[in-house]
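Look at the fold below before reading on. This report goes through its overall build, its cores, its disulfide and its helix packing.

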Amino acid sequence: MLSRFKVVVLFLLATILLPRAGMADSLRIYAAGSLGAAFKDMISAFPAAPGAVAAPVFGASGLLREKIEQGAPADILASADMTQPRRLAEGHPGRTVILFTRNRICALARENLGLKSGNFLDRLLDPSVRLATSTPGADPSGDYTWAVFARAEAVHPGAQVILQAKAMKLMGGGALTPPLVPGHGSVQGIFLANRADVVFGYCSGFGPAMREVPGLVSVALPPALSVGADYGMVVLSDNPLADRFALFVMSEQGQAILQKHGFDAIGIAAP
(Lines give C-alpha, C1' and ligand atoms only; values in the text may rest on other atoms or scores of the structure.)
Protein backbone atom coordinates (compact mmCIF):
# COMPACT_ATOMS: atom_id res chain seq x y z
CA MET A 1 0.00 0.00 0.00
CA LEU A 2 1.30 3.44 -0.89
CA SER A 3 2.10 5.74 1.97
CA ARG A 4 0.09 8.94 2.29
CA PHE A 5 3.21 10.92 1.38
CA LYS A 6 3.69 8.97 -1.87
CA VAL A 7 0.03 9.43 -2.79
CA VAL A 8 0.34 13.19 -2.31
CA VAL A 9 3.54 13.31 -4.41
CA LEU A 10 1.95 11.29 -7.24
CA PHE A 11 -1.11 13.55 -7.18
CA LEU A 12 1.04 16.67 -7.40
CA LEU A 13 3.07 15.23 -10.28
CA ALA A 14 -0.12 14.40 -12.14
CA THR A 15 -1.56 17.88 -11.71
CA ILE A 16 1.70 19.43 -12.92
CA LEU A 17 2.58 17.13 -15.80
CA LEU A 18 -0.78 16.32 -17.36
CA PRO A 19 -1.69 19.89 -18.30
CA ARG A 20 1.77 20.35 -19.79
CA ALA A 21 1.36 17.24 -21.88
CA GLY A 22 -1.96 18.60 -23.16
CA MET A 23 -0.37 21.94 -23.96
CA ALA A 24 2.44 20.25 -25.88
CA ASP A 25 -0.15 18.68 -28.21
CA SER A 26 -1.97 21.95 -28.87
CA LEU A 27 -1.60 23.44 -32.32
CA ARG A 28 0.71 26.47 -32.18
CA ILE A 29 0.08 28.97 -34.97
CA TYR A 30 2.25 31.97 -35.75
CA ALA A 31 0.65 34.33 -38.27
CA ALA A 32 1.09 37.76 -39.81
CA GLY A 33 -0.66 40.56 -37.96
CA SER A 34 -2.74 41.32 -41.04
CA LEU A 35 -4.28 37.84 -40.69
CA GLY A 36 -5.45 38.47 -37.13
CA ALA A 37 -9.21 38.76 -37.61
CA ALA A 38 -9.34 36.19 -40.41
CA PHE A 39 -7.36 33.57 -38.51
CA LYS A 40 -9.36 34.05 -35.32
CA ASP A 41 -12.46 33.20 -37.36
CA MET A 42 -10.54 30.38 -39.05
CA ILE A 43 -9.62 28.83 -35.71
CA SER A 44 -13.20 29.13 -34.45
CA ALA A 45 -14.47 27.30 -37.55
CA PHE A 46 -11.70 24.68 -37.58
CA PRO A 47 -13.14 21.26 -36.59
CA ALA A 48 -11.04 20.33 -33.59
CA ALA A 49 -11.60 19.51 -29.93
CA PRO A 50 -11.92 22.43 -27.49
CA GLY A 51 -8.47 23.62 -26.48
CA ALA A 52 -6.78 21.81 -29.36
CA VAL A 53 -5.50 25.10 -30.77
CA ALA A 54 -3.36 27.32 -28.56
CA ALA A 55 -3.82 31.09 -28.62
CA PRO A 56 -2.27 32.20 -31.94
CA VAL A 57 0.74 34.51 -32.01
CA PHE A 58 0.39 37.47 -34.40
CA GLY A 59 3.04 39.95 -35.48
CA ALA A 60 5.34 41.11 -38.24
CA SER A 61 6.22 38.06 -40.34
CA GLY A 62 9.96 38.66 -40.37
CA LEU A 63 10.07 39.02 -36.59
CA LEU A 64 7.97 35.87 -36.15
CA ARG A 65 10.36 33.94 -38.36
CA GLU A 66 13.28 35.13 -36.24
CA LYS A 67 11.51 33.98 -33.05
CA ILE A 68 10.95 30.53 -34.54
CA GLU A 69 14.58 30.31 -35.64
CA GLN A 70 15.57 31.19 -32.08
CA GLY A 71 13.55 28.27 -30.71
CA ALA A 72 10.00 29.51 -30.21
CA PRO A 73 7.69 26.47 -30.49
CA ALA A 74 5.53 26.75 -33.60
CA ASP A 75 3.70 24.22 -35.77
CA ILE A 76 2.70 26.65 -38.53
CA LEU A 77 3.89 29.99 -39.83
CA ALA A 78 1.37 31.88 -41.99
CA SER A 79 3.29 34.81 -43.42
CA ALA A 80 2.37 37.92 -45.40
CA ASP A 81 5.03 36.95 -47.93
CA MET A 82 6.69 33.86 -49.36
CA THR A 83 10.21 34.74 -48.19
CA GLN A 84 9.83 33.94 -44.47
CA PRO A 85 8.27 30.46 -44.98
CA ARG A 86 10.87 29.65 -47.62
CA ARG A 87 13.67 30.57 -45.23
CA LEU A 88 12.23 28.26 -42.57
CA ALA A 89 11.84 25.47 -45.13
CA GLU A 90 15.45 25.67 -46.32
CA GLY A 91 17.33 22.49 -45.48
CA HIS A 92 14.12 20.66 -44.50
CA PRO A 93 12.87 18.70 -47.56
CA GLY A 94 9.65 17.72 -45.78
CA ARG A 95 8.53 21.30 -45.26
CA THR A 96 6.32 22.52 -48.08
CA VAL A 97 5.58 26.21 -48.60
CA ILE A 98 2.00 26.88 -49.69
CA LEU A 99 0.65 30.03 -51.35
CA PHE A 100 -2.71 30.31 -49.58
CA THR A 101 -4.04 33.81 -50.33
CA ARG A 102 -3.21 37.18 -51.84
CA ASN A 103 -3.54 40.78 -50.74
CA ARG A 104 -2.78 44.21 -52.21
CA ILE A 105 -1.11 47.39 -51.05
CA CYS A 106 -3.33 50.46 -50.65
CA ALA A 107 -2.94 53.90 -49.13
CA LEU A 108 -5.01 55.18 -46.22
CA ALA A 109 -5.20 58.97 -46.34
CA ARG A 110 -6.91 61.92 -44.77
CA GLU A 111 -9.93 62.74 -46.90
CA ASN A 112 -9.08 66.45 -47.09
CA LEU A 113 -5.79 65.57 -48.77
CA GLY A 114 -7.70 64.82 -51.98
CA LEU A 115 -5.59 61.76 -52.74
CA LYS A 116 -6.89 59.74 -55.69
CA SER A 117 -5.48 57.15 -58.06
CA GLY A 118 -5.27 59.82 -60.75
CA ASN A 119 -3.09 62.24 -58.76
CA PHE A 120 -1.47 59.65 -56.50
CA LEU A 121 2.22 60.17 -57.20
CA ASP A 122 2.01 63.96 -57.52
CA ARG A 123 0.40 64.24 -54.08
CA LEU A 124 2.89 61.84 -52.49
CA LEU A 125 5.82 63.84 -53.84
CA ASP A 126 4.45 67.06 -52.35
CA PRO A 127 6.97 68.00 -49.62
CA SER A 128 4.15 68.89 -47.23
CA VAL A 129 2.55 65.42 -47.39
CA ARG A 130 3.80 63.11 -44.63
CA LEU A 131 4.08 59.36 -45.31
CA ALA A 132 4.13 56.44 -42.86
CA THR A 133 5.00 52.85 -43.68
CA SER A 134 5.79 49.59 -42.00
CA THR A 135 9.39 48.47 -41.44
CA PRO A 136 11.12 46.78 -44.41
CA GLY A 137 12.94 43.60 -43.46
CA ALA A 138 10.89 43.04 -40.32
CA ASP A 139 7.46 43.31 -41.93
CA PRO A 140 6.64 42.36 -45.54
CA SER A 141 4.23 45.31 -45.72
CA GLY A 142 7.27 47.56 -45.59
CA ASP A 143 9.01 45.56 -48.31
CA TYR A 144 5.94 45.76 -50.54
CA THR A 145 5.76 49.52 -49.99
CA TRP A 146 9.41 49.89 -50.96
CA ALA A 147 8.51 47.99 -54.14
CA VAL A 148 5.82 50.63 -54.78
CA PHE A 149 8.49 53.32 -54.45
CA ALA A 150 10.68 51.42 -56.92
CA ARG A 151 7.82 51.36 -59.41
CA ALA A 152 7.37 55.11 -58.93
CA GLU A 153 10.92 55.62 -60.22
CA ALA A 154 9.88 54.40 -63.67
CA VAL A 155 7.01 56.90 -63.73
CA HIS A 156 8.87 59.86 -62.24
CA PRO A 157 12.71 59.70 -62.23
CA GLY A 158 13.99 60.51 -58.76
CA ALA A 159 10.74 59.56 -57.04
CA GLN A 160 12.14 56.45 -55.36
CA VAL A 161 14.80 58.34 -53.41
CA ILE A 162 12.34 61.08 -52.42
CA LEU A 163 9.68 58.67 -51.18
CA GLN A 164 12.11 56.47 -49.27
CA ALA A 165 13.62 59.53 -47.59
CA LYS A 166 10.31 60.99 -46.47
CA ALA A 167 8.66 57.69 -45.42
CA MET A 168 8.55 57.26 -41.64
CA LYS A 169 8.76 53.62 -40.49
CA LEU A 170 6.20 53.77 -37.70
CA MET A 171 4.86 50.17 -37.75
CA GLY A 172 6.02 46.58 -37.98
CA GLY A 173 9.28 46.93 -36.09
CA GLY A 174 8.22 45.14 -32.92
CA ALA A 175 9.46 46.85 -29.77
CA LEU A 176 11.08 49.56 -31.90
CA THR A 177 7.69 50.76 -33.19
CA PRO A 178 5.15 50.54 -30.36
CA PRO A 179 1.63 51.93 -30.96
CA LEU A 180 1.76 55.72 -30.79
CA VAL A 181 -1.50 55.92 -28.85
CA PRO A 182 -1.91 53.25 -26.15
CA GLY A 183 -5.09 51.25 -26.50
CA HIS A 184 -5.33 51.83 -30.25
CA GLY A 185 -3.95 49.96 -33.25
CA SER A 186 -0.77 51.06 -34.98
CA VAL A 187 -2.52 52.64 -37.96
CA GLN A 188 -5.13 54.37 -35.82
CA GLY A 189 -2.39 55.71 -33.54
CA ILE A 190 -0.51 57.29 -36.44
CA PHE A 191 -3.53 59.39 -37.39
CA LEU A 192 -4.71 60.06 -33.83
CA ALA A 193 -1.22 61.31 -32.95
CA ASN A 194 -1.14 63.34 -36.19
CA ARG A 195 2.14 61.81 -37.30
CA ALA A 196 1.27 61.28 -40.98
CA ASP A 197 -1.20 62.15 -43.73
CA VAL A 198 -0.85 58.89 -45.70
CA VAL A 199 -0.21 55.37 -44.43
CA PHE A 200 0.70 52.47 -46.70
CA GLY A 201 -0.59 49.02 -45.82
CA TYR A 202 -2.72 46.09 -46.91
CA CYS A 203 -6.04 46.90 -48.54
CA SER A 204 -7.69 44.27 -46.34
CA GLY A 205 -6.65 45.89 -43.09
CA PHE A 206 -7.89 49.49 -43.16
CA GLY A 207 -11.48 48.87 -42.05
CA PRO A 208 -10.89 49.20 -38.27
CA ALA A 209 -8.94 52.46 -38.68
CA MET A 210 -11.59 53.97 -40.95
CA ARG A 211 -14.32 53.07 -38.43
CA GLU A 212 -12.36 54.49 -35.50
CA VAL A 213 -10.84 57.64 -36.99
CA PRO A 214 -13.19 59.99 -38.87
CA GLY A 215 -12.19 61.47 -42.21
CA LEU A 216 -10.03 58.65 -43.62
CA VAL A 217 -10.31 57.09 -47.08
CA SER A 218 -8.69 54.02 -48.61
CA VAL A 219 -7.14 54.73 -51.99
CA ALA A 220 -6.23 52.09 -54.56
CA LEU A 221 -2.83 52.51 -56.17
CA PRO A 222 -2.77 53.35 -59.89
CA PRO A 223 -1.88 50.36 -62.11
CA ALA A 224 1.66 51.62 -62.73
CA LEU A 225 2.39 51.53 -58.97
CA SER A 226 0.25 48.58 -57.93
CA VAL A 227 1.98 45.83 -55.93
CA GLY A 228 0.38 42.55 -54.90
CA ALA A 229 1.18 40.51 -51.80
CA ASP A 230 1.51 36.71 -51.87
CA TYR A 231 0.88 35.03 -48.50
CA GLY A 232 2.76 31.80 -47.76
CA MET A 233 2.29 29.12 -45.12
CA VAL A 234 4.67 26.39 -43.94
CA VAL A 235 4.06 23.43 -41.62
CA LEU A 236 6.96 23.18 -39.18
CA SER A 237 6.22 20.07 -37.11
CA ASP A 238 4.77 16.56 -37.16
CA ASN A 239 1.72 17.63 -35.16
CA PRO A 240 -1.15 16.06 -37.16
CA LEU A 241 -3.32 19.07 -36.39
CA ALA A 242 -0.90 21.25 -38.35
CA ASP A 243 -1.52 19.37 -41.60
CA ARG A 244 -5.25 19.38 -40.94
CA PHE A 245 -5.28 23.13 -40.31
CA ALA A 246 -3.25 23.85 -43.45
CA LEU A 247 -5.78 21.84 -45.47
CA PHE A 248 -8.63 23.70 -43.79
CA VAL A 249 -7.09 27.06 -44.77
CA MET A 250 -7.00 25.87 -48.38
CA SER A 251 -10.52 24.43 -48.26
CA GLU A 252 -13.53 26.23 -49.72
CA GLN A 253 -14.66 27.18 -46.23
CA GLY A 254 -11.25 28.50 -45.21
CA GLN A 255 -10.87 30.50 -48.42
CA ALA A 256 -14.35 31.97 -47.91
CA ILE A 257 -13.27 33.21 -44.48
CA LEU A 258 -10.21 34.89 -45.98
CA GLN A 259 -12.36 36.45 -48.70
CA LYS A 260 -14.80 37.78 -46.10
CA HIS A 261 -11.90 39.63 -44.49
CA GLY A 262 -10.80 41.29 -47.71
CA PHE A 263 -8.20 38.82 -48.98
CA ASP A 264 -8.13 37.43 -52.50
CA ALA A 265 -9.19 33.81 -52.30
CA ILE A 266 -7.28 31.38 -54.49
CA GLY A 267 -9.01 28.13 -53.53
CA ILE A 268 -12.67 28.73 -54.38
CA ALA A 269 -14.17 27.33 -57.55
CA ALA A 270 -16.11 29.70 -59.77
CA PRO A 271 -19.91 29.33 -59.45
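Buried means under 20% relative accessible area, exposed means over 50%, and partly exposed lies in between (1.4 Å probe, protein chains only). By that rule C106 is buried, with a relative accessible area of 7%. This is a predicted model, in which local features need pLDDT of at least 70 and side-chain atom pairs count only at pLDDT 80 or more, while totals for chains, interfaces and linings use all residues. Residues are numbered from 1 along each chain as its sequence is written, and side-chain values use heavy atoms, with hydrogens and water left out.

## The whole chain

The chain has 11 helices and 9 strands. Helices (H or I, at least four residues) and strands (E, at least two) are DSSP runs, numbered from the N terminus. The C-alpha trace spans about 85 × 45 × 35 Å along its principal axes. Of the 271 residues, 43% count as buried. Contact means heavy atoms within 4.5 Å. Among the contacts with a separation of 6 or more, 74% come from residues 24 or more positions apart.

## The cores

A nonpolar core is a set of buried Ala, Val, Leu, Ile, Met, Phe, Trp, Tyr and Cys residues joined through side-chain atoms within 4.5 Å. Which residues touch the most other members of the largest core? They are L35, F39, F100, F120, V198, F245 and L258, in a core of 55 residues. Helix α10 (residues 240–250) gives the largest share of this core, 6 residues.

Y231 lies in strand β9 (residues 228–235). It is buried, with a relative accessible area of 0%. The C-alpha atoms of Y231 and F263 are separated by 9.8 Å, and the two residues are 32 residues apart along the chain.

## The disulfide

A disulfide is a pair of cysteine sulfur atoms within 2.5 Å. By this rule the count comes to 1 disulfide. C106 is joined to C203, with an S to S distance of 1.9 Å. The pair links distant parts of the chain, 97 residues apart. C106 sits in strand β4 (residues 97–110), and C203 sits in the loop between β7 (198–202) and α9 (207–212). The torsion about the S-S bond of C106 and C203 is about 85°, so the disulfide is right-handed.

## Helix packing

Two packed helices are described by the angle between their axes and the distance between the axes. Axes are lines fitted to C-alpha atoms, for helices over the stretch in contact, and angles run from 0 to 180 degrees between N-to-C directions.

| Helix pair | Angle | Axis distance |
|---|---|---|
| α2 (residues 36–45) and α11 (residues 252–260) | about 150° | 9 Å |
| α2 and α10 | roughly 115° | within 11 Å |
| α6 (residues 140–155) and α7 (residues 159–166) | roughly 150° | within 7 Å |

Angles under 35 degrees count as roughly parallel, over 145 as roughly antiparallel, 65 to 115 as roughly perpendicular and the rest as oblique. So α2 is roughly antiparallel to α11, and α2 is roughly perpendicular to α10. α6 and α7 are roughly antiparallel to each other.

Now the residues that meet. A38, F39, D41, M42 and A45 in α2 meet Q253, G254, I257, L258 and K260 in α11. F39, M42, I43 and A45 in α2 meet F245, F248 and V249 in α10. Between α6 and α7, the contact involves W146, F149, A150, A152 and E153 of α6, with A159, Q160, V161, L163 and Q164 of α7.

## Two loop residues

N194 is in the loop between α8 (186–192) and β7. Most residues other than glycine have a negative phi. Phi of N194 is near 55°, a positive value. At 44% relative accessibility, N194 counts as partly exposed.

T96 is in the loop between α4 (83–89) and β4. Not counting residues up to four places away in sequence, T96 touches M233, V234 and V235. The C-alpha atoms of T96 and L258 are separated by 21 Å.
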